[in-house]
Amino acid sequence: MTDALFVLRPWESPEVTSWGRLPMNAVDRRERAVSLDGRWRFQLLPSPEREPGPGWSWAELPGSWALDVAEDPPQYTNVRMPWPEFPPGSPPANPTGVYERDVDIPADWAGRRIVLQVGAAESVLLVQVDGRPAGVSKDSHLAAEFDLSGLVRPGHRATVRLTVVKWSDASHIEDQDQWWLGGITRPVLLYTTDPLYLADVTVRARRDGELRVDCRVRAASGTATGALPAGWYVGGQLTGPGLDGLELSQDREFDRFNTEDDRVSDFLGEARMGTVVPGVRAWNAETPELYDLTVRLHRADGTVADTSHHRIGFRDVQIRGRDLLVNGERVYIRGVNRHDFHPLTGRTVSYEDMRADLLTLKRFGFNAVRTSHYPGDPALYDLTDELGFYVVDEADIESHDHAHEIADDPRYLNAFVDRVSRMVLRDKNHPSVIVWSLGNESDYGANHDAAAGWLRRHDPTRPVQYEGAAKLDWAATDDASDIACPMYAPIEDCVAHALSGEQTRPLIQCEYSHAMGNSNGTLADTWAAIEATPGLQGGFIWEFWDHGILQHVNDGRPAGRGGAGLYENGVAGPGLRWAYGGDFGETIHDGAFIADGVVFPDRTPKPVMFEHREIAAPVRLSVEGEGTWRVLRVHNRQHFRDLSWLAAEWEFAAADGGAWTLPARLPDVSPGDSAVIDRPEVPGGAGEVWLTLRVTTAADEPWAPRGTEVCLPQVRWYPAEEGEPVVGAEEDLGHIPPPETDDTGLLLHPLLVSPPVLSLWRAPTDNDVLGGMAERWRELALDRAVREPVAVERKGSTVRVRSRWATGAGVVEHEQAFTALVDGRVLVEETAVLPEELTDVARVGTVFETGPGLDRLAWYGQGPWESYPDRASGAPVGHHSAPVDQLFTPYLRPQESGGRHGVRHFTLSGDDHVLSVRLDGPRQVSVTRHRAEDLTAAAHHDELTPRPGCVVHIDAAHRGLGTASCGPDTSPEYLVTPGVHRWSWTLRAL
Ligand code: GAL
Ligand code: MG
């Protein structure tokens with residue numbers, strides 16, 4: 001385009017971060033603004049050099065055009081840039097969206113200042129009004145404001161054109177692991193102020209009640225000289241818990257330097273208000289007490305020229321030694337990384353959706369959010385303040401592919417400081433923001449130090465962190481990070497560092513426990529280590545969302561806004577799927593690595609959420625003492641709250657089928673303390689008995705209605721009796737013929753369509769694939785090991801069958817003994833001997849398939865949700881049941897799923913039949929509609945055809961899940977070892 005804005009080609013100049021853009025500030029104008037969201041004229045040009053033609057279509061703002069128009073579909077890359085140009089270059093094919101609309105400027109805005117705010121534009125925004133240049137902005141996840149006072153005429157119509165260039169020098173520092181989507185993804189507003197206006201307000205509110213409000217005042221330069229009119233002053237009012245309109249007035253001491261005889265500025269007004277609020281209620285993530293602050297700017301005659309509203313919280317953040325303290329408490333950071341994401345609208349997320357994200361997190365025990373990897377919408381911070389989250393606010397800087405070059409490239413210096421400072425200027429008044437982050441995965445260079453320098457001077461009240469700085473030496477004291485915030489560090493390394501005596505600063509992982517597919521193994525062990533080790537305080541799970549975009553399978557188009565309601569419980573509806581990298585025909589992409597969240601694309605929680613909820617539970621239960629002297633103790637694991645907001649009841653589960661509930665009364669326990677809880681009467685003699693304290697909210701919480709389940713701490717009250725429910729050959733065999741088998745020794749059973757055979761393979765999880773295990777298992781031929789019958793012997797009521805399974809690392813000898821028991825059961829005793837070379841396989845166990853019609857599973861074991869050996873601390877033991885179709889977890893890329901840990905017995909039932917299985921002890925079991933090979937072959941769910949019967953796995957040993965897709969694998973105790981594996985079970989048809 002020929003306009004001056006375009007001639008200078010700002011998309012190729014990293015030094016140019018903006019032109020004509022107003023300084024960022026913390027005065028919130030949203031409430032009184034005119035929304036320009038909705039329909040805009042739109043056209044997508046192949047590059048910014050092209051002129052828009054006469055043909056316009058329509059686009060809905062805010063939105064990403066990749067989800068609305070076919071020409072420029074979404075593309076997913078992790079580290080690599082999607083095109084080859086080196087920084088600061090961008091490719092010649094550069095999709096450029098032109099948005100245009102007419103705006104009627106109200107007549108009563110005459111004489112006032114008129115400002116346009118564009119919430120977020122990726123990656124360069126060029127603004128024209130009636131064909132005249134208004135400004136340029138980069139920094140895709142923060143708003144850009146432009147003063148239009150001189151460009152529009154009140155009472156007239158103006159044409160606003162927003163041109164968004166998708167690729168630019170800035171793309172190189174916005175190389176985050178996510179979809180590339182161009183567009184204007186946050187609201188567009190127009191607002192007006194008096195020529196005399198509040199340019200910024202900075203609030204400092206401390207836990208002891210001390211409040212300081214610093215105001216910056218300016219006069220519009222377009223209207224006069226920009227000089228401040230004489231006699232202006234500020235005032236304010238504070239309301240909140242126990243405070244009914246406390247008036248604040250200007251601190252005249254401070255003002256001294258700004259009087260007429262002693263002015264420091266003709267055009268910048270600075271004023272301060274201060275007070276000490278008596279009996280203040282401090283803000284923290286558990287009890288997020290907020291106060292309402294109104295700041296007023298008065299003209300000399302007392303009339304109000306401008307106001308600014310703030311919801312503020314009184315709290316302290318501090319690092320003492322190696323502890324990060326909130327209000328003096330060493331709080332645990334139970335965090336998650338949150339991107340902006342929605343399966344229909346990409347990075348456009350509504351207020352309701354942001355709220356729903358946070359409610360979900362709160363209900364599953366999270367208390368912290370890292371805004372990976374850019375600042376969120378302003379509303380997000382209103383919500384984290386209100387609902388109670390500790391926020392690590394992260395600047396929009398990730399230069400992953402060219403990290404080393406850019407960190408010290410002076411051409412990008414301005415961009416680094418600009419992005420960090422703008423974030424801080426906007427978000428500084430939010431109590432929930434406790435730490436600033438300089439960005440992500442951008443190596444470490446002088447540009448970071450420059451940004452950190454600005455930040456530390458401007459806001460000494462909060463620590464700053466940057467993984468790239470601290471990773472060189474966790475114990476350093478002179479880099480750009482006040483916190484050692486590694487990603488995916490093995491917990492052993494963290495513990496060793498904390499014990500080394502070298503630790504100098506808090507250690508809080510900025511990313512850990514990669515939630516890709518069926519994952520998050522060893523989360524409970526990680527937390528046990530954190531809680532046992534002074535110096536460790538937690539971390540942020542990677543990540544909240546699976547970024548699957550809802551897509552029509554037939555034509556590959558994103559469903560866009562039209563897809564509302566076309567998905568449920570994590571599953572895309574008929575004809576649709578959750579797209580990941582490569583599904584839009586991209587040749588350069590990183591596949592399913594985009595699907596690595598603790599919730600599905602529709603925010604349905606994955607099973608790991610229940611694991612996390614229990615790990616983070618405010619209440620824990622322990623048994624102390626022996627025999628009849630045993631007592632139950634309740635621990636309050638919170639930092640600030642007592643237990644009065646919780647209600648509880650006892651639930652019992654006995655191995656013999658007994659299950660009952662009794663009321664419970666939580667004792668009065670202060671935070672961090674414990675107390676004995678009245679013990680319910682538990683009848684003995686029923687074998688194993690488990691006691692669960694079902695804890696719920698006693699009243700409505702801002703994040704959950706009364707009665708919402710909070711946690712389910714459990715203890716075993718009576719252990720299993722000797723021999724229970726173990727089955728063995730000592731059972732009364734009687735003189736009955738042995739079970740029927742075919743010639744090769746395969747069991748023939750009326751309810752089974754596929755007989756029980758050895759199973760050594762699971763459909764590789766994402767961790768198995770990316771950790772290299774799956775490839776090794778394939779090399780060992782474990783995906784295609786076949787049974788070679790060796791011998792079938794019949795003796796008394798037993799058939800003894802031996803078979804061999806050849807693998808790439810020797811032969812697995814497998815023996816099954818089928819015994820007919822008098823009560824009609826078949827006893828199956830199995831032994832598998834894995835050669836020494838066959839280390840670390842996925843599973844050793846039995847698989848069989850039933851015929852159709854057995855559609856409900858009832859089991860005694862861990863549940864009700866999915867659990868695996870290294871992710872089993874959030875699933876209480878009990879009597880559970882569910883339709884078979886609901887047992888399977890629909891991970892985006894089909895993989896091993898649906899397992900239940902610690903199962904002792906289970907029943908599959910339908911209208912005509914019941915199949916009952918008892919195990920020799922707690923085992924890993926799965927019942928699904930899919931064979932491991934079906935899951936292995938499919939890339940998406942729509943490719944799977946559920947089998948009419950059930951595929952049943954009973955595992956003698958099942959490998960842990962770990963997190964090897966990005967980070968540590970499972971621990972050695974969860975590996976399947978070579979040698980002898982024995983297991984037995986009974987089968988009965990009713
Ligand atoms: C980290 C990175 C994240 C994401 C994650 C893997 O290295 O900071 O953005 O890529 O790994 O899913
Ligand atoms: Mg990255």
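Which residues does Ser-916 touch, not counting residues up to four places away in sequence? Its partners are Phe-906, Thr-907, Thr-986, Leu-987 and Arg-988, where a contact means heavy atoms within 4.5 Å. Ser-916 sits in strand 53 (residues 914–928); strands (E, at least two residues) and helices (H or I, at least four) are DSSP runs, numbered from the N terminus. With a relative accessible area of 17%, Ser-916 is buried, a word used under 20%, with exposed over 50% and partly exposed in between (1.4 Å probe, protein chains only).

The model is predicted, and local features need pLDDT of at least 70, side-chain atom pairs count only at pLDDT 80 or more, and totals for chains, interfaces and linings use all residues. Residues are numbered from 1 along each chain as its sequence is written, chains are lettered from A and ligands numbered from 1 in the order in which they are written, and side-chain values use heavy atoms, with hydrogens and water left out.

Next comes the metal site. The magnesium ion (ligand 2) has Glu-398 (OE), His-400 (ND1) and Glu-441 (OE) as its protein donors, 2.0 to 2.1 Å away. Donors are N, O and S atoms within 2.8 Å of the metal (3.2 Å for Na, K and Ca), and sites may look incomplete because water is not among the atoms. Along the chain the donors follow the spacing E-x1-H-x40-E. Glu-398 is buried at 0% relative accessible area, whereas His-400, at 21%, is partly exposed.

A cis peptide bond, with omega about -10°, joins Ser-372 and His-373, and His-373 lies in the loop between strand 26 (368–370) and helix 4 (378–387). Another cis peptide bond links Gly-863 and Pro-864, with omega about 0°. Ser-513 is not a glycine, yet has a positive phi of about 50°; this residue is found in the loop between strand 30 (507–512) and helix 10 (523–532) and is buried at 9% relative accessibility.

Finally, there are spaces inside the protein. On a 1 Å grid over the protein atoms alone, a cavity is a set of points where a 1.4 Å probe fits but cannot get out, and lining residues have an atom within 4 Å of a point. The largest cavity has a volume of about 380 Å³, volume being the space filled by probe spheres set on the points, which are joined across faces, edges and corners. Its lining has 22 residues, with Glu-286, Gly-365, Ala-616, Pro-618 and Gln-638 nearest the centre.

Definitions and conventions. On a 1 Å grid over the protein atoms alone, a cavity is a set of points where a 1.4 Å probe fits but cannot get out, and a pocket is an open set with protein on both sides within 12 Å along at least five of seven lines; lining residues have an atom within 4 Å of a point.
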